Amino acid sequence: MITDVRAPLEHQQPYSTAYEHMLEKVRYEGAYPTRERADEAVRLVLAGLGRQLTGDERVDLAARLPLEAARILTKQTPRTQPLGGWAFVKDLAARNGASLATTRWDTGSVLAAVTAHAGPDLITRILNQLPTGYALLFGSAELTPAA
């Protein structure tokens, strides 16, 4: 359960249609049994991504996400040194108390929805900003220059 980024259920406002659609995409992609489980994954991964992104990429991504998702992303203080892709997954797993496999699944499911909102150009800019290891999390190949 994600306690640092989730309000108690009795205090939550209804979600916007755009966020509901995002949750349904994540629920479908991740084969989650409930919308609440998809929401937990979204909150975990977007909070983690918010700790990694800075600058125009952070602002541009927030502008393209549903308002609720943008708030989760921008509420986080970016790290001075972003984590590599695998370290990112390990950090999320430690914060959530879940297995690495489950957290990797959550990450891929959520970042597929983020990619759909962001578009390929912004995702390319984000991947260029982040350390190696994120491309696969976003569902892309990790390309390296030939030696």
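Colleague: In which helix is the place of Lys25?
Modeller: The model is a predicted one. In this model Lys25 touches Ala112, Ala113 and Ala116, leaving aside residues up to four places away in sequence. The place of Lys25 itself is in helix H1.

Colleague: Is Lys25 buried, partly exposed or exposed?
Modeller: Buried requires a relative accessible area under 20%, and exposed requires one over 50%. Lys25 has a relative accessible area of 30%, so the residue counts as partly exposed.

Colleague: What distance separates the C-alpha atoms of Lys25 and Ala116?
Modeller: Ala116 is one of the residues that Lys25 touches. Along the chain the two are 91 residues apart, and their C-alpha atoms are separated by 9.5 Å.

Colleague: Where is Ala31 found, and is this residue buried or exposed?
Modeller: Ala31 is found in the loop between H1 and H2. Its phi is near 55°, a positive value in a residue other than glycine. The relative accessible area of Ala31 is 61%, and the cut-off for exposed is over 50%. Ala31 is therefore exposed.

Colleague: Which helices do the buried residues of H4 pack against?
Modeller: Helix H4 covers residues 67–75, and its residues Glu68, Ala69, Ala70, Ile72 and Leu73 are buried. The buried residues of H4 pack against helix H1 (17–30), helix H2 (35–50) and helix H3 (55–64).

Colleague: Which residues does Val114 touch?
Modeller: Val114 is among the residues with the most contacts inside the largest nonpolar core, together with Leu46, Leu61, Leu65 and Phe138. Not counting residues up to four places away in sequence, Val114 touches Met22, Leu46, Leu61, Leu65 and Phe138.

Colleague: How is the pair of Tyr15 and Tyr19 classed?
Modeller: The structure holds two aromatic pairs. In the pair of Tyr15 and Tyr19, the ring centres are 4.8 Å apart and the planes are at 70°. Planes over 60 degrees apart meet the cut-off, so the pair is edge-to-face.

Colleague: How far apart in sequence are the parts that the pair of Phe88 and Tyr134 ties together?
Modeller: The rings of Phe88 and Tyr134 have their centres 5.4 Å apart and their planes at 45°, so this pair is tilted. Phe88 lies in helix H5 (residues 85–96), and Tyr134 in the segment after helix H7 (120–129). The pair therefore ties together parts whose separation in sequence is 46 residues.

Colleague: How many charged residues are in the lining of the second largest pocket?
Modeller: This pocket has a volume of about 220 Å³. It is lined by 15 residues, and Leu127, Asn128, Ala135, Ala141 and Glu142 lie nearest its centre. By class, the lining has nine nonpolar and five polar residues, and the number of charged residues is one.

Methods. Residues numbered from 1 in each chain as written. Predicted model: local features only at pLDDT ≥ 70, side-chain atom pairs only at ≥ 80, totals over all residues. Heavy atoms only, no water. Phe/Tyr/Trp six-rings, centres within 6.5 Å; stacked < 30°, edge-to-face > 60°. Helix = DSSP H or I, 4+ residues; strand = E, 2+ residues; numbered from the N terminus. Buried < 20%, exposed > 50% of the residue type's maximum accessible area, 1.4 Å probe, protein only. Contact = heavy atoms within 4.5 Å. Core = buried A, V, L, I, M, F, W, Y, C linked by side-chain atoms within 4.5 Å. 1 Å grid on protein atoms, 1.4 Å probe; cavity = no way out; pocket = protein on both sides within 12 Å on 5 of 7 lines; lining within 4 Å. Points joined across faces, edges and corners; volume = space filled by probe spheres on them. Nonpolar A, V, L, I, M, F, W, Y, C, P; charged D, E, K, R; others polar.
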